[in-house]
Amino acid sequence: GAVDADLAHEARGARWLASVFPPAVTGPIALHVAAKRYLVAVDHAYAADLSPGSVRSLARQGGPMDADERARFEAHPAHAAAVALRRWDDAGKVTDDIEVPPLSAYRSLLDALARPAAAAPA
């Protein structure tokens, strides 16, 4: 159901993007939920700022990491990038009116990050 779909969103996203982007991009995406569980375990201010929906999904996702899980996460080569991505994702959840550039404004960045064979001609 919807809960099961929610539990695998980071893995599906990383797999979908893997045909276009290298592991340096998809690795932190695959660790999106792990980074949330890690941050809740190590940063009490982060945990206090979670939305009610994020608190509910955290419970389904396994809750805060225990010491062994934190050590395994910290040993993963993409853990620092995953934490940074998680913080950027959370900071991007702005509800005020903001002006967002169109997707085309990011085309050169996306092309630069894409695998050479995946980059489409302009």
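1. A residue counts as buried under 20% relative accessible area, as exposed over 50%, and as partly exposed in between, using a 1.4 Å probe and protein chains only. At 12% relative accessibility, S54 is therefore buried. S54 sits in helix α6.

2. The structure is a predicted model, in which local features need pLDDT of at least 70 and side-chain atom pairs count only at pLDDT 80 or more, while totals for chains, interfaces and linings use all residues. Residues are numbered from 1 along each chain as its sequence is written, and side-chain values use heavy atoms, with hydrogens and water left out.

3. The chain has 9 helices and 0 strands. Helices (H or I, at least four residues) and strands (E, at least two) are DSSP runs, numbered from the N terminus. Of the 122 residues in the chain, 25% are buried. The chain exposes about 7,900 Å², and carbon and sulfur atoms supply 62% of that area; accessible areas come from the Shrake-Rupley method with a 1.4 Å probe, and for residues only the protein chains shown count as cover.

4. Contact means heavy atoms within 4.5 Å. Among contacts in the chain with a separation of 6 or more, 66% are between residues 24 or more positions apart.

5. Helix α4 deserves a separate point. In α4, 8 of the 11 residues are buried, so the helix is largely enclosed by the rest of the structure. The buried residues of α4 are H32, V33, A35, K36, R37, Y38, L39 and V40.

6. How do α4 and α6 pack? Helix α4 (residues 32–42) and helix α6 (residues 52–60) meet at an angle of about 105°, with their axes 11 Å apart. α4 is therefore roughly perpendicular to α6. Angles of 65 to 115 degrees count as roughly perpendicular, under 35 as roughly parallel, over 145 as roughly antiparallel, and the rest as oblique. Axes are lines fitted to C-alpha atoms, for helices over the stretch in contact, and angles run from 0 to 180 degrees between N-to-C directions. On the α4 side the contact is made by K36, R37 and V40, and on the α6 side by S54, S57 and L58. Leaving aside neighbours within four places in sequence, S54 is in contact with K36 and R86.

7. α4 also packs against helix α8 (residues 79–91), at an angle of about 85° and with the axes 9 Å apart. α4 is therefore roughly perpendicular to α8. From α4, H32, V33, A35, K36, Y38 and L39 meet A82, V83, R86, R87 and D89 of α8.

8. A35 is in helix α4 and, at 0% relative accessibility, counts as buried. Not counting residues up to four places away in sequence, A35 touches F73, A82, V83 and R86. A35 and R86 are 51 residues apart along the chain, and their C-alpha atoms are separated by 6.4 Å.

9. A search of the whole structure finds 1 aromatic pair. Y38 and F73 form this pair, which is tilted, with 4.8 Å centre to centre and 35° between the planes. Rings of Phe, Tyr and Trp (its six-membered ring) pair if their centres lie within 6.5 Å; planes under 30 degrees apart count as stacked, over 60 as edge-to-face, and the rest as tilted. Y38 is in helix α4 and F73 in helix α7 (residues 67–75), 35 residues apart, and the pair links distant parts of the chain. Y38 is buried, at 12% relative accessible area, and F73 is buried at 5% relative accessibility.
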